[in-house]
Amino acid sequence: VAELNSRYAAGHAANDLRSTGLLVQVFDFCAAGGSLTGKACHPWEPVDDPRLGDRISASIVNRQLPWLFDWSPSDQGVAGFILSADKAAPALLCAWAIDAGSMGLTCS
């Protein structure tokens, strides 16, 4: 926990994802009861639809930038994962300041 707190506190604008703070994926559409496939939706499992399974939305957060992407209509808070910057950096394809609607796009 101390390392995560330190990364959050020291995070800043940088080209190196490891220096930006924490990369956080928040359960969003699925956790809000949505399903684009018609199947049961579990936000902690990979999406098994080939149209959607090649991407996730995540937020870079730090002391200067503390806002999470939160699609959930609930006021009870959100849950999610802290992602490894080392693992995510090679796969990071784009960044948006707002919701870009990536569930409706394809990456092929």
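Colleague: Which element of the protein has the lowest mean pLDDT, and which has the highest?
Modeller: In this predicted model, strand E3 has the lowest mean pLDDT among the elements, at 88, while helix H1, residues 2–10, has the highest, at 96.

Colleague: What is the mean pLDDT of the protein, and how many of its residues reach 70 or more?
Modeller: The mean is 77, and 61% of the residues reach 70 or more. Where pLDDT is low, the predicted coordinates should not be read in detail.

Colleague: Happy to keep that in mind. What elements are there, and what pattern do they follow along the sequence?
Modeller: There are two helices and three strands. Reading along the sequence gives α-β-β-β-α.

Colleague: What is the order of the strands in the sheet?
Modeller: The order is E2-E1-E3, in an open sheet of three strands with antiparallel pairing.

Colleague: And what makes E2 and E3 edge strands?
Modeller: Strand E2 (59–61) and strand E3 (80–83) each have a single partner strand, so one side of each is left without a neighbour in the sheet. From one strand to the next, the twist averages 35°.

Colleague: How do you know that E1 and E3 pair?
Modeller: Pairing requires at least two bridges between the strands. E1, residues 22–26, and E3 have four bridges, in the antiparallel sense, so they meet that requirement.

Colleague: Good, I can look for that. Now, where is threonine 20?
Modeller: Threonine 20 sits in the loop between H1 and E1.

Colleague: Why is threonine 20 called buried?
Modeller: The word applies under 20% relative accessible area. Threonine 20 has 6%, so it is buried. Of the 108 residues of the protein, 20% count as buried.

Colleague: Which residues does threonine 20 touch?
Modeller: Leaving out residues up to four places away in sequence, threonine 20 touches Gly11, His12, Ala14, Ile60, Val61 and Asn62.

Key
Residues numbered from 1 in each chain as written. Predicted model: local features only at pLDDT ≥ 70, side-chain atom pairs only at ≥ 80, totals over all residues. Heavy atoms only, no water. Axes fitted to C-alpha atoms, helices over the stretch in contact; angles between N-to-C directions. pLDDT = per-residue confidence, 0-100. Buried < 20%, exposed > 50% of the residue type's maximum accessible area, 1.4 Å probe, protein only. Contact = heavy atoms within 4.5 Å.
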